[in-house]
Each structure stands twice: as structure tokens, then as C-alpha cells.
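Subject: Structure for you to look through

Dear colleague,

I am handing over the structure below, and I would be glad if you kept it open while you read the notes that follow it.

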Amino acid sequence: MHPAAWLVWATCAGLVTFTTTDPFYLSMIVAVAWFVYAAQRIPGPMARSFRVFAIAGLVTMAVRTALVFFGTVDASSVAFAALEGARLATLLVVFGTFNAVTDPFGVVRLAPRRFHEPALAAALALSIAPRTIAMVGQVREAQRMRGLRTAGWRTLPALAVPVLETGMDEAVTLAESMDARGHGRGRRSRYRPARWSTGAVVMTVCALVAAAVFMVAAFTGRGGLHPSTFPLTWPDAEPVLLATIALLAVPGVLPRQKADG
Amino acid sequence: MSDHALRFEDVRFRYPDTSRDALTEVTLDIDEGTFALAVGPTGAGKSTLLRASNGLVPHFTGGTFRGRVTVDGRDTLEFPPRKLADAVAFVPQDPGASFVLDRVEDELAYGMENLGVDPAHMRRRVEETLDLLDIEPLRARSVRTLSGGERQRVAIAAALAAGPRILVLDEPTSQLDPQGAEHAVAALQRLVHDQGITVLLAEHRLERVAGFVDLALGFSDGHVEVGPPAEVIRRLAMGPPVARLGRLAGWDPVPLTVREARRMGAALIGDAGPPRVQVATPGPALVELRGVEVRHGDVPALRDIALTIGRGEIVAVMGRNGAGKTTLLRAIAGVHEPFRGRVTVDGHIPQPGVDTGMCPQEPESILFAETVADEVRTTLKARGLGTGPEPVLEALGIEDLAGRHPRDLSAGQRLLVATAAVAAGLAPAILLDEPTRGLDPDAKDRLVRYLRRHAADGGVAMLATHDVELAAAVATRVVMLAGGEVIADGDPGVVLGDSTVFAPQMTRAFGPGWLTPEQVAEALA
């Protein structure tokens with residue numbers, strides 16, 4: 001699958017999420033993201049990023065809601081904060097899916113030459129989370145085989161020190177390797193640019209349509225995108241808009257990506 | 001272009017915050033089309049010199065640098081590593097950390113993309129390099145899912161693909177099985193012969209390379225002497241088993257290859273058959289596996305394994321990359337539950353750290369304390385043992401490192417420290433997963449002594465290894481795996497002697513049954 005198709009898909013799903021705080025629409029987006037993740041994830045450490053970002057989403061939502069308790073607490077403000085939090089959480093889930101279904105470095109290669117540096121920095125930063133998680137698992141098991149349990153605060157150094165130091169060493173090796181292999185010489189050519197498949201075109205168009213419909217709904221104030229919380233009312237959802245969100249599920253029914261997508 | 005591919009002129013280098021020169025007055029020339037080997041104990045300056053040859057030292061390390069290094073006529077002080085990328089490629093010791101992109105194929109193209117190589121040419125070179133290193137089937141894989149050996153081959157390929165005139169490699173075969181190592185070294189030799197490329201590599205397992213190289217750089221304490229391999233290796237008192245035999249038997253020059261050793265020794269040995277192997281009867285069973293199947297997800301990694309290992313045995317688990325060696329150790333350690341069958345240690349399901357202690361492939365992943373002694377104390381405390389760290393440090397011959405910070409040590413020393421940290425728990429079954437990277441002869445000797453002592457005290461030691469010479473020297477039994485099944489199991493003389501790939505040098509030179517230079521020297525005496 002062309003990485004640009006995924007970039008468009010994620011951007012559109014993000015835009016749709018951004019226009020609404022309606023729990024039905026948000027739930028639908030989460031369901032669609034999960035469906036796409038389940039169908040298209042690339043096996044390997046990056047596949048974990050869906051779970052990581054889903055958990056981060058839940059935490060974000062909880063924190064956002066908890067903040068209300070520092071001010072006036074009533075049902076309306078709690079509901080408002082929870083929905084705002086849910087929107088952020090949904091954005092994170094979409095982002096997690098994007099990470100799990102595409103190679104972030106493939107996306108970097110799309111960046112125009114002058115944006116190559118920041119794009120690469122971004123991709124490296126993105127890959128840190130799943131790599132660290134894999135490393136945590138590895139260190140925990142290694143310590144266990146030596147007879148050390150790593151749970152709780154007192155044993156944190158046994159886990160954190162090897163993870164952080166190895167992470168640091170790896171980062172330095174990577175920086176050296178990039179330099180030694182000519183990174184930043186200013187000339188670049190491109191190896192086997194990705195090609196567009198029919199499926200990729202279809203999913204791109206569907207994603208753009210979904211985003212467009214929600215943008216129109218947002219500008220014209222239709223579709224109950226933001227359920228009222230002052231006064232608190234039961235949210236509503238338009239079947240047409242729910243069906244529009246379903247357009248984002250198209251990548252989930254396309255043939256599974258081969259590793260060499 | 002100059003005749004000298006690589007030239008060091010009176011180079012002196014000291015890392016920041018250290019009180020000792022890592023390189024001292026190094027002067028050397030390596031001509032184009034030379035296959036050069038850097039040899040010497042760990043910490044003697046090999047990696048520093050390798051990294052100085054493309055400017056990583058001092059551009060990435062800082063420190064005090066004097067003298068001049070020129071690569072292809074360019075001064076490394078004026079040209080940072082990226083400006084030398086078209087001339088020299090470098091493969092670091094830990095190839096996994098050097099990958100920039102995700103897919104193998106893209107990783108191979110990365111260097112060429114940076115150099116602005118024309119796409120059609122790039123495509124062709126990627127295909128050629130995939131074939132040269134025998135990694136075509138890996139082309140679409142994510143580099144993060146590769147095994148250690150696969151990573152190493154991909155890293156070499158990625159360096160080569162960029163088309164450098166000089167290729168610098170730091171222990172490029174440390175994680176390769178014997179066959180893979182032979183392929184990789186043969187590929188390097190072909191580059192030297194056919195394309196006039198200059199190759200400089202550091203390697204501890206000299207039996208894999210000594211016969212191929214034209215020039216040796218012998219390191220001791222930052223000093224470098226350059227000369228023909230036989231001379232340098234003789235003076236350093238290191239070398240492959242055949243060289244060790246030559247020294248023991250007083251031959252001059254010492255042989256470097258199996259062929260030379262055979263010529264010099266065959267007549268002397270004559271018809272004296274190999275020594276009768278004293279098969280020690282193993283003690284009562286400690287580790288038992290019955291019909292064990294282990295899976296990774298849905299994929300079986302080990303099938304129908306039945307093994308009984310008695311107290312006092314030292315078992316080398318061998319087999320090509322991906323044969324299931326690590327998985328077998330993890331199953332015995334008690335961290336990977338079998339899908340079918342039963343693993344027991346001392347009659348019950350093994351409890352990691354208590355019944356078994358395993359030293360991981362990356363010793364760094366368990367080291368966290370401020371000092372070596374504290375590292376050992378942590379294990380003792382976790383196991384509720386009242387003893388001090390001294391006995392176990394002594395058992396591994398590292399009592400002098402007690403006060404050092406584990407991260408400041410060389411790779412070989414770190415492995416010994418990690419083994420001490422594992423051994424301190426007094427588990428009867430000690431498991432080592434590929435104790436190879438950075439393991440110089442001195443560290444190897446200490447490890448061997450510890451393993452023998454542990455077995456003599458009634459324990460079991462198992463090591464997954466590609467190092468046939470280590471297996472020949474220490475193992476009392478060899479278990480050979482292929483595709484997740486045991487294909488041979490028995491006395492090292494028989495199992496290794498029977499194999500063309502896994503035969504140690506003494507077997508190759510003098511026939512099955514001969515395993516170590518000491519054995520042969522004794523027969524000659």
C-alpha cells in the first residue's frame with residue numbers, strides 16, 4: 001500500500017475526529033480504526049503501537065476528566081470534559097493505527113527533499129516508543145532469568161537502567177551510522193518509489209469524501225456533531241454521518257498488505 | 001586517488017575523561033586491495049582504530065587527537081564521516097542499532113540514496129548485493145524482525161551496496177553460524193580479489209579469517225604493529241587453534257590455516273589414532289525434556305525434543321542461525337512454557353533464577369548497578385544468600401574488576417560480569433546464550449574455567465554457540481539442532497567430527513577425534 005494513501009487516510013480520520021465530540025461518532029471512529037488495524041497491521045514491534053496509543057488515549061481521557069474536579073463539579077462540566085477527552089483519545093487511537101499499518105520511514109521517504117531532515121527526526125522519535133516497549137519486555141525477562149523480579153518502585157533501576165542506557169547507546173550508534181552512510185550530504189536519489197494500487201486510490205478517495213462531509217457538516221452546524229452539555233442532553237447521531245465514517249473502514253476490506261507493500 | 005587506501009601518521013588519541021591513550025603513536029599504511037585483520041585483546045584499541053578510519057573518531061567521540069589519518073587521500077579531520085561515505089563504509093559491532101530504515105531492501109539502498117546514485121544503477125546494485133550476501137529471501141522483511149545472524153549479513157550488505165573502496169568491519173561474524181561466516185568472509189575476499197576493494201576487519205575468532213588475510217595489525221595497549229599475519233599472530237601469542245598447536249609444538253613459522261597445519265603435523269602424528277575419549281559418566285539427571293514442542297505464536301520453533309542432561313555435563317547447543325537454540329535455552333530456563341510436553345529441572349518445573357540461571361545474548365540487558373560487586377550483590381540479595389560477591393567473582397577470574405562500573409568495561413569483560421551476576425544465584429543449571437561478542441581468548445579462558453568448575457561441582461552448563469572451537473574446548477556433549485529438531489546428540493568428537501561445517505580445526509587437520517591443540521600436542525610429544 002502506498003504510504004501516501006495511509007497518510008491521507010490518517011489525516012482524514014483525524015480531521016473527522018477533530019470536528020466532533022459526539023460519543024456515537026467517536027465510538028464509530030474507534031471501531032473503524034481497530035478494524036483497519038486488525039486487518040492491515042504489519043507484524044513486528046510497530047504493531048504494538050496500536051495498544052500503546054489506545055492506552056495513552058484512555059489515560060488522556062481520564063486525566064482530562066479528572067481536571068474538572070479542580071473547579072466547579074457538576075454533571076454538565078464532567079460530561080463536557082469527558083467528551084473532550086474522548087476526542088483526544090480517539091485521535092490517539094487513529095494515530096496508533098497509522099503507526100501499526102505503515103512504516104513511518106516509508107512516509108519519511110515521501111517528504112520533499114527540504115523537509116527530509118525534520119521528517120526523519122519525526123520518524124525516529126515515533127519509533128522510540130515501540131522499541132522501548134520491546135526493550136522493557138526483553139530486560140524484564142533477562143532479569144527474571146537471573147532471579148530478579150522487576151515490579152514496583154524498588155526494583156525500577158534493574159529495569160530502567162538497562163533500558164535507558166541501551167536506548168542511549170543505540171541512539172548514538174544510529175546517529176553515527178547515519179552520518180557514516182552519508183546522511184545530510186545534500187544529494188539524494190530515490191530507490192523504488194512506491195506505486196499506487198487501485199485499492200490505495202479507492203481508500204484515499206473514500207477518506208477524502210468522509211473528511212469533506214464532516215467539514216461541511218461542521219461549517220453548516222448540522223448532524224449534531226457537538227451534543228449539548230449545558231444543559232446536558234442525550235447525544236444523537238445521524239445515520240448518514242455514521243455511514244460516512246464507515247468509508248474510513250475501506251482499507252480494512254482491501255487485501256492484506258504484503259510485507260513488501 | 002592515492003596508492004594508500006588508508007594511512008595513519010603518528011596518530012595518538014585519548015577519549016575524553018580518560019587518563020590513558022587509546023591509540024599511541026600509530027603509524028601504518030594499508031595499500032589498496034589489501035585484506036587486513038585487526039587482532040588483539042579487547043580494550044587494546046581495535047575498535048578505536050576502526051572508527052578512526054572513517055572519522056567517527058574523533059568527530060563523534062571528542063577527545064584529544066594528534067597526528068593524521070588519510071582515507072583515499074582525504075584527511076579525516078577536515079572531512080567528517082558523511083563526506084567520506086563514498087570512500088569508506090563502516091559496519092559497527094552491534095549491527096542492529098545501525099539500521100536506519102525499516103525494510104531490508106531500503107536499508108541496502110539508503111547509502112546510495114544519500115550519495116545520489118542514479119535509480120537504475122541503484123536497483124541493479126541492490127540485487128547484486130542481495131545475492132552476494134545470500135539474503136535475497138530477506139529483502140522485504142523488517143530489519144527489526146531479523147535474527148542476530150541475519151542482521152549481521154544485512155549490515156554488511158548495506159555497507160557494501162554503497163560501493164565504497166574501503167570496507168571496515170568490527171567483528172562482522174560474531175553472530176554468524178560457521179557456514180554463514182564462511183560465506184561472509186569468502187564474499188569479502190572476492191571483493192578484495194575481483195574489485196580491488198580494501199577490507200579492514202577486527203575479529204577474535206581468527207580461525208574464521210586468519211587464512212584469508214594479507215596483512216595483520218597486532219594491537220596491545222594502544223600500540224599497533226603491522227606485518228604478515230603469521231608473524232604478528234605469533235608475536236601476540238594469540239591465534240586460531242592451529243597457531244596454538246604450532247606454538248605448543250614449537251613449529252616455526254606457526255601455521256595459520258588447516259592446510260598448513262596438516263602439512264606440518266601429519267607426518268609427525270603418523271598413524272597414531274586419535275586419543276580414546278574418556279567419556280565421563282554423567283551424574284544423576286538434572287534437566288529433562290519429554291516430547292517438548294515450543295511455539296512462537298502458532299509457529300512451532302521446537303518439535304518433539306527429548307533430552308536428559310545429567311549433573312556434571314557441559315552441553316554445547318549448536319546449529320545454524322534460526323535453528324531454535326535460544327528457544328531451547330529459554331524453555332529450559334522456564335520463561336517459555338512448552339506448548340506440548342514437559343520440561344523439568346531437578347524433578348520439577350523450573351523456576352527461573354532458582355533452578356536455572358540464564359545469561360542473555362546481550363549482557364547489557366541485565367547490568368544496572370554502579371559497580372561489578374554491587375551487580376553480584378543484587379542477585380545474592382534477591383536469592384536471600386548471605387555470602388559476599390568475592391567467591392563468584394573469583395570463579396570467573398574477575399575479582400580485579402569488583403570496583404569498576406560495568407558499563408565502562410569491554411564487551412568480553414561485561415559478558416563475564418553478567419555471567420557472574422547470573423552464577424551468583426547458585427542455580428544448578430547455568431545457561432549461556434551465544435557468549436561470543438567481544439570474547440577475546442583471555443575472557444574465553446576464564447569462561448571455560450568457570451564452566452568446568454560449575455560442572456565439577458555437580459551443576460549443568462549449557463551454551464548455545466556458533467563457536468565450534470569453544471565447543472570443542474569445553475563441551476562434554478554436543479546437541480545439534482536443525483529446524484527445531486535435534487539431529488545429533490552425543491560426544492563432541494563424534495558429533496563435530498562427523499560434520500563438514502561444524503568440525504573444529506584439529507578435526508579438519510588430523511581427522512575425527514582430534515578436538516583441541518592440547519590433545520594433538522600431547523600426542524606429538
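Please bear in mind that this is a predicted model. I begin with the place where the two chains meet: 41 residues of chain A are in contact with 56 residues of chain B. On the chain A side, the elements that contribute two or more residues are helix H6 (116-146) and helix H7 (156-180), and H7(A) gives the largest share, 14 residues. If you sort that side of chain A by class, you will find 15 nonpolar, eleven polar and 15 charged residues.

Chain A itself is divided into domain 1, which covers 3-107 + 197-253, and domain 2, which covers 112-180. The C-alpha centres of these two domains of chain A lie 29 Å apart, and where the domains touch, nine residues of domain 1 are in contact with eight residues of domain 2. On the domain 1 side, helix H3 (49-67) and helix H5 (104-108) of chain A are the elements that give two or more residues, with the largest share, three residues, coming from H5(A). By class, this side of domain 1 has six nonpolar, two polar and one charged residues.

Finally, chain B has an open sheet of six strands in the order S6-S7-S8-S3-S9-S10, with mixed pairing. Its edge strands, each of which pairs on one side only, are strand S6 (88-91) and strand S10 (223-227) of chain B, while neighbouring strands of the sheet are turned by 15° against each other on average, direction ignored. At one end of that order, five bridges join strand S9 (residues 215-220) of chain B to S10(B), and these two strands run antiparallel. To see the pairing residue by residue, you could look at Gly218(B), which stands opposite Glu225(B) in S10(B).

With best wishes

Notes: Residues numbered from 1 in each chain as written. Chains lettered and ligands numbered in written order. Predicted model: local features only at pLDDT ≥ 70, side-chain atom pairs only at ≥ 80, totals over all residues. Contact = placed C-beta atoms within 7 Å. Helix = DSSP H or I, 4+ residues; strand = E, 2+ residues; numbered from the N terminus. Nonpolar A, V, L, I, M, F, W, Y, C, P; charged D, E, K, R; others polar. Domains from an automatic or database assignment. Pairing = 2+ DSSP bridges. Axes fitted to C-alpha atoms, helices over the stretch in contact; angles between N-to-C directions.
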